[in-house]
Amino acid sequence: MSTSPLADLPHETARLLEEIAALASLEQLRDIEPSILGKRSVLSSLQKSLGVLAPEDRRDAGAQLQGARRVVEAAFEARRSDLAALARAALLESDRLELGDVVVNAVRWPASVGHPSLVAVTQRELEDVFVAMGFTVSEGPEVESDWYNFEALNIPPAHPARGMWDTFYVELGEPETVVLRTHTSPTQVHLKEAAALHGSLPIHAVMPGRCFRRDTPDARHLATFHQIEGLVVDRGIAFSDLAGVIETFTRAYFGPDIESRLRPAFFPFTEPSAEFEVTCTICRGAGCRTCSQTGWIELGGCGMLDPAVLDAVGIDGDEWSGFAFGFGIDRCAQMRHQIADMRALIDNDTRFLRQFS
Ligand code: DAH
């Protein structure tokens, strides 16, 4: 009697199951699939060999072989899904992002786009008031030579009046010859110089801009602040013209319930000089911390042009006269909007800033 073709089936089945269990990747599984389940596989050649059996034996052997094939197929599919799961896990692991790999876009939509600062808005409003009064607008450099910032304004080197401005010096050239401008007054010098050169007098101009002083910030002062300078050079200008401009400006900008006053003062570039003050809007004149209990806030200075500052740029003081003024833009914003402490302007607290959008 010949040996049954399926004599080796249990052994072959066990070997196939072992081989399947040893598969380490989906690629290996794909490569080996024809030799385990394909036409040239052991199971298929056993199938073919059943042809030698008698029909009644063939049915039993066929069923036996089918059973073995189902076991092998099931093991193969189970291994396929295990390996697929492992591959997915490996992919996830390699794709994992560490904290810091991702920048979260935290901008809410619609994104807020910001707005000009209160100081910029105030500057524009002040310019508008003066333009309506017939002034032009000019700007000058923030870094100036000693001559523009001091000397041409009748403040010679080592003059005691220099103590009025705590100056930041720029390390450029000879020591203490280049400064961050301490006021916008040097821009008057540029304008007068250009007008003298081009014969383009008279001048009616305002000059806004940023200024710098070695000051400790407090409720009324910032080390970086803004001024607007005014300059009129014309024929037959009197102090009453200056007083009229200051008064017209105050009413136009602050409204009828804010009073202004001029008090005698000293500035080297004007004679006579005055300080320009307005009612403190924080306490309405009653006295508070912001106005140091005086009820008044000093906005700036003004006066009739000293002939020496005309002479410095070659303008004939017998023919031309004029006045000048300079006051704080940040101070104006502070009084107009009742900001008790000016440092709020530079704190970058958006709850404060948003109120002026
Ligand atoms: N420049 C002066 C300051 O910052 C203010 C000032 C006073 C400007 C009198 C003027 C003026 O033009 O005439 O302290």
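Residues are numbered from 1 along each chain as its sequence is written, and side-chain values use heavy atoms, without hydrogens and water. Because the model is predicted, local features need pLDDT of at least 70 and side-chain atom pairs pLDDT 80 or more, while totals for chains, interfaces and linings use all residues.

**Aromatic rings**

Rings of Phe, Tyr and Trp (its six-membered ring) pair if their centres lie within 6.5 Å; planes under 30 degrees apart are stacked, over 60 edge-to-face and the rest tilted. The count comes to 18 aromatic pairs. One of them, F249 and F327, is tilted, at 4.9 Å centre to centre and 35° between the planes. Since F249 belongs to helix α8 and F327 to strand β9, the pair ties together parts 78 residues apart in sequence. Helices (H or I, at least four residues) and strands (E, at least two) are DSSP runs, numbered from the N terminus. Both rings also belong to one aromatic cluster, whose members include Y253 and F276.

Buried means under 20% relative accessible area (1.4 Å probe, protein chains only).

| Residue | Relative accessibility | Class |
|---|---|---|
| F249 | 1% | buried |
| F327 | 0% | buried |

**Largest pocket**

A pocket is an open set of points on a 1 Å grid over the protein atoms alone, where a 1.4 Å probe fits, with protein on both sides within 12 Å along at least five of seven lines; lining residues have an atom within 4 Å of a point. The lining of the largest pocket comprises 37 residues, and R213, Q227, E298, L299 and G300 lie nearest its centre. Strand β8 gives the most to this lining, with 7 residues.

Definitions and conventions. Buried < 20%, exposed > 50% of the residue type's maximum accessible area, 1.4 Å probe, protein only.
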